[in-house]
Amino acid sequence: MRESPDLRQLEPSAAMLVQRAEVDGIRLVRRTDYIDHEFTTTVTMVKRLRAGVQEADPLARANPGRDASWCDQPDDVLGDVQRQVMRVFFSKYLDEKRLTPLEVLTYEVHAKALDGAGTVVQGALQRLASIQVRGTKQTAVSRMKELMALADNGLARLLRNAKAGPALAIGPGGLPALFDAYKGPADQLVPALYRALAAYLADTKSWVEKLDRLFQLANPALNSHEMRLLDSLAAEILASPFALKELAGQETTRLDLVLKAIDLYVGNLAREGGVQLPGVRALSTLLADGALPRTLAELRLGLLRHLHARLPLRSDRGIRDEMQATVEVLTHLRRKAPALARDEEVLEALSQRADRLIQPEAMSELIGPIRSTLTRAETVLSLAESAPGDAPKAKIATYLRPLIAPEDIIREEGSRLEAIKTLATLARRVAMSGMPVGLRREMLDILDTAIFENIRTEILSSQTMNYTDRILAIIRLCGGLPEGRARQLAGDQLTQALKRPEFILNYLERFPGAQERRDAYFKLCSAMVESGLVDKSLVPQG
């Protein structure tokens, strides 16, 4: 993924990216992002892999040419991309120590501890070097030496700062007083402030304790620079999957964790019975107010990673259960976080998760034990109706098409006449399922032909029903038919009946009393309107 405020700046990168063998194409979307704690509109370029190509991280940024995490000076490592890369390559160490990249890069105590942690730094930099030299003429060995020198220089600088004086202390005056207390070079202000915060948080033992202490510093009087300190650290804390688990408390399934991640995004977690620490309540309020754009961006990315993960949301009980869990996530998004529910990448992640569920083995396990053709078709159709996105619906449609076998359904029903209603209900559900137009039209045509023939032979040509009973049978069996020859035939028959006064008179003669006839009359009118087969204006109103 590559970003720019100007579409024209992305076109050269897009051209390079699409030439890569594993990339099938690109698409451009617009989304809201942050720059220096303020929102701006950016264009995001997202890659699409060719069929059959696997990628460890589907959310990895697409950076043609030189890697975006490249750095030449110690100051470069404080960049957003560089810190994100550090989060990835040092994730195990950082999670175990409950530390963020900002704390390690700005506070000498944490930096020395990492430097002394065996081969952690060397192993991470070796992996990073091999990635950064892709698309360049430099060797991984030479880049590794540069990275090691960069790390040594950065640590040496932190140790020099430590000798010059301790970190600024955060006292009753909070962050505003911290800004006032700084007397050093202007270009070192931000690292000095993060160093002070890292020292302030150094003795915390958990992510929740760290968030609580951090956001006890929050108050409405903070300016954007001061809020950015809190926002940046909170974003890095919540980049850890363990932080959300600590905030969420005891969850029984991954689905619970995903739902609580959505609640946290909109600031509802602490308000709905979660952790009630004062700092966490303040965090929740700020998230609800949209005052922490970096943290919100990180929570959104974390949600996307959860949705792209191949682990089940609820259990291994089968495709139907997992599809329902996916639908629950979408429902929760629409109810609690409408902005995320409209987010193109979130919707695509849900669609891809649903699409991955639909495999031959899973479908066989779902419908294999079912003997009835109709029940099989209804089971697959229910799956299609609930599937989020066009791709999974299209995939399911290929499994439904062989089950649209009217003669088998009629035989199982035992009555060609009663099968009209069954086929009509099935046709109505297919029409409203949202499956691809081509396959949907093909299935509807098959059902329409079968229903049309049954209306003609079992009702209109019946020797055992008089005219009134034929019309009543059409009303009872053909309600809600989708557009087609069968609907046209049924509608024409009802329209003709309404133009013949004797039809209603003959029908009402079946009831002995005046009140019974009145009730039957209104019931008949109501049934005709509900059938949807005739214009309401043609139905008598009293």
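# Rings, helices and cores

Visitor: How many aromatic pairs does a search of the whole structure find?
Guide: The model is predicted, so local features need pLDDT of at least 70 and side-chain atom pairs count only at pLDDT 80 or more, while totals for chains, interfaces and linings use all residues. Residues are numbered from 1 along each chain as its sequence is written, and side-chain values use heavy atoms, without hydrogens and water. Rings of Phe, Tyr and Trp (its six-membered ring) pair if their centres lie within 6.5 Å. The number of aromatic pairs found in the whole structure is three.

Visitor: What kind of pair do Y467 and F503 form?
Guide: Planes under 30 degrees apart count as stacked, over 60 as edge-to-face and the rest as tilted. The ring centres of Y467 and F503 are 6.4 Å apart and their planes stand at 85 degrees, so the pair is edge-to-face.

Visitor: Which helix holds F503?
Guide: Helices are DSSP runs (H or I, at least four residues), numbered from the N terminus. The pair links distant parts of the chain, 36 residues apart. Y467 lies in helix 25 (residues 467-477), and F503 in helix 27 (residues 501-508).

Visitor: Is F503 buried or exposed?
Guide: Buried means under 20% relative accessible area, exposed over 50%, and partly exposed in between (1.4 Å probe, protein chains only). Y467, at 23%, is partly exposed. F503 has a relative accessible area of 1%, so F503 is buried.

Visitor: How are helix 20 and helix 21 oriented?
Guide: Axes are lines fitted to C-alpha atoms, for helices over the stretch in contact, and angles run from 0 to 180 degrees between N-to-C directions. The axes of helix 20 (residues 373-386) and helix 21 (residues 390-400) come within 9 Å and cross at roughly 170 degrees. Angles under 35 degrees count as roughly parallel, over 145 as roughly antiparallel, 65 to 115 as roughly perpendicular and the rest as oblique. Helix 20 is therefore, relative to helix 21, roughly antiparallel.

Visitor: Which residues in helix 21 meet helix 20?
Guide: Contact means heavy atoms within 4.5 Å. On the helix 20 side are A377, V380, L381, L383, A384 and E385. The residues of helix 21 that they meet are K393, I396, Y399 and L400.

Visitor: How many residues are in the largest nonpolar core?
Guide: A nonpolar core is a set of buried Ala, Val, Leu, Ile, Met, Phe, Trp, Tyr and Cys residues joined through side-chain atoms within 4.5 Å. In the largest core, L400, I451, I455 and C478 have the most contacts inside it. The number of residues in that core is 66.

Definitions and conventions
Helices (H or I, at least four residues) and strands (E, at least two) are DSSP runs, numbered from the N terminus.
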